[in-house]
Structure formats: C-alpha cells, structure tokens
Amino acid sequence: FRSSRDDTAVALRRCVCSLESQGLAVTAIFHDRNHGHGGAISSGIRAARGDIVGYVELDLSLAHGLVPLIKRVRRGDAACAVGRRVFTNPVATPIRFITHRVYRRYVAACLRLPVADPECRLKVFRRSEVLPLLDVVEDQHCFWDTELLHRGWMAGVAIVEEPVAFAANCRFKGGGVLRAARAYRRAMVRYRRRAAVGGWGGRLSPATATEPAVDATAGSRGST
C-alpha cells in the first residue's frame with residue numbers, strides 16, 4: 001500500500017487484524033514514504049508467493065474483470081493478461097472517458113504494443129515472468145504500467161488483452177488531470193529518448209529492436 005497522510009494505515013492494520021482473527025492469511029505492506037504506483041505494486045509482487053499475481057484499480061471499477069484474466073494466465077494463453085476498458089455509458093463519466101481515449105491514441109502514436117489500453121490498471125501476471133521486469137522498469141509513477149508492458153513485450157513475454165466493462169457507478173476521484181497528463185508525456189519522452197540512445201528505435205517492436213532481452217527466469221534482485 002502507498003504511504004498515506006491520513007488514517008488509511010491505521011484502518012488497514014485494523015482490517016488485517018480482523019481478517020486474521022477469522023483465520024485468513026493476510027499480509028499488508030507499509031512504506032515509510034510514497035514509492036509511487038509502480039513501487040507499491042512491485043512490493044506486493046515481490047512479497048507474493050503464488051505463481052499468479054495481479055492488481056486492480058483502487059476504486060474497484062474493474063474488479064469484476066479480475067477472474068477472467070486469472071483464467072487466461074492459468075490455462076497458459078499468455079504470461080500477462082491485461083484488461084481493456086469498455087465504457088458502456090461514457091456520459092456517466094465523461095472526464096474519465098475522454099482522458100482514456102486521449103491516452104490510448106497518444107500511446108499508439110508513440111509505441112507499438114500488443115494491447116490497446118496499457119494504462120488499464122487491471123493486470124494479471126505469471127509471477128516468474130514479471131519479477132525480472134520489475135528490476136528494469138525505471139518510472140515508478142504514472143508511466144509504470146506502459147513501460148512494464150512495453151519492456152515485457154520487447155523481452156518476449158506473451159501478452160493478451162481482455163475487454164472489461166468500466167463500472168460507471170464508481171466515481172472518478174483522480175485529481176489534477178492536466179498535471180498527470182504532463183507527467184505522463186514527460187515520462188514517454190524520456191523513455192523514447194533512452195530508446196533512441198540505446199539503438200532500439202522510435203515506435204518500438206520486437207521485430208526491429210536490439211535491446212537486450214530480460215532473463216524471464218531470473219529472480220528478484222532487490223526490494224522497494
């Protein structure tokens with residue numbers, strides 16, 4: 001979990017104690033500072049012991065799509081299954097719908113990816129495949145999802161996409177849309193610049209890339 005300035009940590013500790021009293025095995029990870037969206041998820045993946053790991057959007061607007069993705073990975077369709085948000089009622093969440101479409105078009109213009117919605121925060125992985133990627137992804141904030149998928153694809157990780165209806169009854173609580181968009185654009189520019197310096201091109205694809213592949217059998221080399 002991300003570090004919090006309110007009483008979230010206290011509430012989480014109470015929740016964990018309550019679940020443990022019911023005989024459930026629960027582990028909560030607390031950071032001394034905010035390590036970003038990517039840092040928080042990476043900590044959970046590294047601490048996990050199961051073969052399959054994943055995460056969902058905090059507002060649970062996509063939680064109902066988790067089981068189909070787990071099934072795709074379990075039956076071997078791919079090592080990574082990603083949700084593709086479908087807005088059945090865009091009028092209910094216009095800001096989120098518009099930003100979603102803008103992000104998708106921007107990413108498609110900058111990078112080649114096997115999925116249309118890399119920023120969808122509903123993903124399931126085979127843990128052995130994603131662990132090595134956590135050590136090479138540099139951006140731990142708004143660009144983490146996109147960079148993780150692109151680096152994984154470049155390394156030969158099989159990725160599939162599954163449509164999931166966005167729950168319009170969940171309110172959009174993200175603040176600073178323009179600030180987030182600027183941060184994402186800066187991260188994309190940095191990533192593409194490193195790609196150009198490294199010789200693996202602009203709109204990258206495995207067929208033309210020369211970036212060294214990640215050893216998908218290696219273990220974690222660090223922790224957050």
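What is the mean pLDDT of the chain, and how does helix α5 pack with helix α6 and helix α2?

Modeller: This is a predicted model, in which local features need pLDDT of at least 70 and side-chain atom pairs count only at pLDDT 80 or more, while totals for chains, interfaces and linings use all residues. Residues are numbered from 1 along each chain as its sequence is written, and side-chain values use heavy atoms, with hydrogens and water left out. The mean pLDDT (the predictor's confidence in each residue, from 0 to 100) is 84 for the chain, with 82% of its residues at 70 or more.

Helix α5, residues 127–134, packs against helix α6, residues 144–154, at an angle of about 110 degrees, and their axes lie 10 Å apart. That angle makes α5 roughly perpendicular to α6 (65 to 115 degrees counts as such, under 35 as roughly parallel, over 145 as roughly antiparallel and the rest as oblique). On the α5 side, Val130, Leu133 and Leu134 make the contact, and on the α6 side Trp144, Leu148, Arg151 and Gly152, where contact means heavy atoms within 4.5 Å.

Helix α2, residues 36–47, crosses α5 at roughly 135 degrees, the axes coming within 10 Å, and α2 and α5 are therefore oblique to each other. Here Ser42, Ile45 and Arg46 of α2 meet Arg127, Val130, Leu131 and Leu134 of α5.

Terms used. Axes are lines fitted to C-alpha atoms, for helices over the stretch in contact, and angles run from 0 to 180 degrees between N-to-C directions. Helices (H or I, at least four residues) and strands (E, at least two) are DSSP runs, numbered from the N terminus.
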